[in-house]
Number of protein chains: 2
Amino acid sequence: MLTRIDHIGIACRNLDETVAFYKATYGFEVFHEEVNEEQGVREAMLKINETSDGGASYLQLLEPTREDSAVGKWLAKNGEGVHHIAFGTADVDGDAEAIRGKGVRVLYDEPRIGSMGSRITFLHPKDCHGVLTELVTSAEPSADHSSAEH
Amino acid sequence: MLTRIDHIGIACRNLDETVAFYKATYGFEVFHEEVNEEQGVREAMLKINETSDGGASYLQLLEPTREDSAVGKWLAKNGEGVHHIAFGTADVDGDAEAIRGKGVRVLYDEPRIGSMGSRITFLHPKDCHGVLTELVTSAEPSADHSSAEH
């Protein structure tokens, strides 16, 4: 069951400049930063609020590390902007399977590794009224909080 | 101060069909539905989770009521997809003024009426790395919860 808006994924050309914009304009701070080579992105997670399911909602700022990555191609076509939305669930495997059974294309056979050790998959935007939609299960129930202590 | 992701605004061609997709695929229910003549939209709010500031996060599905509305023009150009993101604040007037002072264009001179009697304004996407960004103050501190009892 999807129990929260986990994050909004925003594609940008320059991660440091975009992080600086969000900090200067709204006061949002970087909670976590990493490079995901498989996804071909350098990313920063800005934590906005905690959620009633024990998780949190983030902005995920994404800079492609190579032009032929999914985000790189998207950015070349669309320019900077909202790339995807993500819902949090305790069971990405079960939810992805159930959604696949409803005829919505799930882009990965098995979930892959996302931000902060989460397990993620994506649903095809053409099956979701134009919205690239991610499903996320955090690395552990309290991952959002424990990682703040790193 | 912006304290939550209030909603993700998604433009769609047919509100009823899109509501049905979100219900059938994810189990999300309509929390509130209204027509905003000033904005030129018919909209449905799907409540996803509550937030640590006492508010909630929604998906806001938007169908234009006329082609020359902002959402109508956007849809004609971009097709269905994420139209804007919105941050919740207790003080949309003060935050909009502070952000204007930083050189970001605020689209309204004064906040206007948004979903469920909230007061809203928008920031120019070209000043926000491509993201049309809304600021929202709920009608009353507990508006999200009391309106569930209507």
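These legends describe close-up views of a predicted model.

Residues are numbered from 1 along each chain as its sequence is written, and chains are lettered from A in the order in which they are written.

**View 1. Chain A as a whole.**
Chain A has 4 helices and 8 strands. Helices (H or I, at least four residues) and strands (E, at least two) are DSSP runs, numbered from the N terminus. Their order along the sequence is β-α-β-β-β-α-β-α-β-β-β-α. The C-alpha trace spans about 45 × 35 × 25 Å along its principal axes. Of the 150 residues, 57% count as buried. Buried means under 20% relative accessible area, exposed means over 50%, and partly exposed lies in between (1.4 Å probe, protein chains only). Contact means heavy atoms within 4.5 Å. Among contacts in chain A between residues at least 6 apart in sequence, 57% join residues at least 24 apart.

**View 2. Two copies and their axis.**

**View 3. The largest nonpolar core.**
This core has 56 residues. A nonpolar core is a set of buried Ala, Val, Leu, Ile, Met, Phe, Trp, Tyr and Cys residues joined through side-chain atoms within 4.5 Å. Among those with the most contacts inside the core are Y22(A), L59(A), Y22(B) and Y26(B). Leaving out residues up to four places away in sequence, Y26(B) touches F21(B) and several residues of chain A, including L2(A), F87(A) and I99(A).

**View 4. F87(B) and its surroundings.**
F87(B) sits in strand β5 (residues 81-89) of chain B. F87(B) counts as buried because its relative accessibility is 1%. Apart from neighbours within four places in sequence, its contacts include Y26(A), F28(A), I48(A) and L59(A) from chain A. From chain B they include L2(B), R4(B) and T133(B).

The structure holds 24 salt bridges over all chains. A salt bridge is a side-chain nitrogen of Lys or Arg within 4 Å of a carboxyl oxygen of Asp or Glu. R4(A) pairs with D6(A), the closest N and O atoms being 2.9 Å apart. Both of these residues are buried. K23(A) pairs with E29(A) at 2.8 Å, closest N to O. K23(A) is partly exposed because its relative accessibility is 40%. E29(A) is partly exposed too, at 46%.

**View 5. A salt bridge between two loops of chain B.**
R105(B) and D127(B) meet in a salt bridge (2.9 Å, N to O). The pair links distant parts of the chain, 22 residues apart. R105(B) lies in the loop between α3 (92-100) and β6 (112-113), and D127(B) lies in the loop between β7 (119-123) and β8 (133-137). R105(B) counts as partly exposed, at 44% relative accessibility.

Definitions and conventions. This is a predicted model: local features need pLDDT of at least 70, side-chain atom pairs count only at pLDDT 80 or more; totals for chains, interfaces and linings use all residues. Side-chain values use heavy atoms; hydrogens and water are left out.
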